[in-house]
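Subject: Structure for your review

Dear colleague,

Please find below the structure that I am handing over to you, with its sequence. My findings follow directly after it.

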Amino acid sequence: MKKYLAMVPLLAGAAFLASVGVSSAEAKYTIGVSNTVQGNGWREEMICAIKAQALASGQVTKLNIAHRNTDAAGQLEDIRNLISAKVNAIVVNPADPAGIKSALEEATKAGIVVVAVDQAVTEPSAYIISNNQEQYAYLGAKWLFQQIGGKGDVVYMRGAAGASADSDRDKGFKKALAEFPDVKVVHEVFTGWQQDQGKQQILDFIATGSPFNGIWTSGIDNVIVDALVESQTPLVPVVGADNAGFVGQLNSVEGLVGAAVTNPGSIGGAGVTLALQILNGKKPAEQTVLVEPQLWENATEEGKAKLKSVADPSLSPEWPVSISIPEWTTYTKDQIIACKGPGE
């Protein structure tokens with residue numbers, strides 16, 4: 001069973017196995033965190049949301065954060081180190097849904113609550129709270145295909161190969177593609193969710209001289225617009241995420257038509273809340289909770305007004321503007337920006 005929640009935005013470099021603590025009469029839990037992508041604004045916001053929610057909850061004495069660039073094998077090692085550290089819960093953003101199954105099973109057998117955020121895992125004992133990645137891609141792709149008149153060539157800029165979020169988004173993208181038989185994917189690449197890599201990939205494709213009518217990105221968006229502008233390539237419709245930089249471009253770059261689909265990095269903070277609920281004996285009725293995305297576009301007056309209302313230039317350009325998730329996060333904007341957990 002899955003529970004679905006609408007996404008309503010509220011505006012307002014941790015080291016590997018970094019440990020921070022706090023003394024409180026109420027705080028009693030140690031939470032481990034495993035994340036395998038650094039240098040990505042979305043993941044950094046996720047880590048800051050985890051820290052902020054742990055602090056705001058008043059129930060966490062210490063965070064053990066494994067935050068580095070690695071693969072499933074490296075994440076297996078990280079999770080087993082967290083198990084050895086005897087944490088009460090592990091919040092994990094999986095590098096591979098099946099590749100870390102054995103370690104998650106070991107954690108559950110050790111009495112540790114496991115919550116996967118952002119992406120699903122195959123271990124049935126784990127709880128999952130995630131943005132609905134399939135719907136994220138479907139909404140954006142359908143809008144893009146409609147925007148180009150239902151026919152033409154599009155560039156498909158995916159995330160990281162093997163990541164379940166990418167696989168789910170691919171399902172959503174291809175679902176939309178099936179509805180528009182005259183739309184063709186002229187170029188498909190994996191960006192790894194790395195901005196420098198994504199920018200170079202689109203510049204390389206532009207250099208081939210191949211025509212294209214639109215670009216769908218898996219959240220590497222503002223640098224794609226930068227590449228179009230800097231190379232003096234005629235602007236085409238671009239779909240990205242609700243990153244502050246891209247939202248700002250949709251409000252300010254003359255001639256740019258595009259859409260931002262919400263994908264809050266604050267899902268990390270929601271994972272902390274879910275873990276604490278389970279530790280306190282309040283298990284959810286469903287094993288999986290999905291946060292439903294919204295699409296904000298600048299092709300209509302209503303859409304332009306929405307984008308202006310959610311813009312937040314005070315945030316890092318790579319951070320989603322959806323810095324909180326109602327019902328799941330309780331920290332303030334200052335707390336998530338400070339990016340400090342218990343004891344820091």
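For the helix packing described first, each axis is a line fitted to C-alpha atoms over the stretch in contact, and angles run from 0 to 180 degrees between N-to-C directions. Please note that this is a predicted model.

Helix H6, residues 195-207, packs with helix H7, residues 222-230, at an angle of about 35°. The axes of the two helices are 9 Å apart, and the crossing of H6 and H7 is right-handed. On the H6 side, the contact is made by Gln195, Gly198, Lys199, Ile202, Leu203 and Ile206. H7 contributes Asn222, Val223, Ile224, Asp226, Ala227, Leu228 and Glu230. Sorted by class, the residues in this contact comprise seven nonpolar, three polar and three charged.

The unreviewed UniProt entry annotates residues 31-283 as "domain: Periplasmic binding protein". Over residues 31-283, the chain is 45% helix and 21% strand, with the end C-alpha atoms 17 Å apart.

I also examined helix H10, which spans residues 301-310. Gly303, Leu307 and Val310 are buried in H10. These three residues lie on the same side of H10 because they cover an arc of only 70° around the axis. The buried residues of H10 pack against helix H8 (244-252) and strand S14 (295-297). Glu301, Glu302 and Lys308, by contrast, are exposed and sit on the face of H10 turned away from its buried side.

Yours sincerely

Methods. Residues numbered from 1 in each chain as written. Predicted model: local features only at pLDDT ≥ 70, side-chain atom pairs only at ≥ 80, totals over all residues. Heavy atoms only, no water. Helix = DSSP H or I, 4+ residues; strand = E, 2+ residues; numbered from the N terminus. Left-handed = near helix turned anticlockwise from the far one by under 90°. Contact = heavy atoms within 4.5 Å. Nonpolar A, V, L, I, M, F, W, Y, C, P; charged D, E, K, R; others polar. UniProt positions renumbered as here; feature names shortened; annotations may be inferred. Buried < 20%, exposed > 50% of the residue type's maximum accessible area, 1.4 Å probe, protein only. Arc of directions from axis to C-beta.
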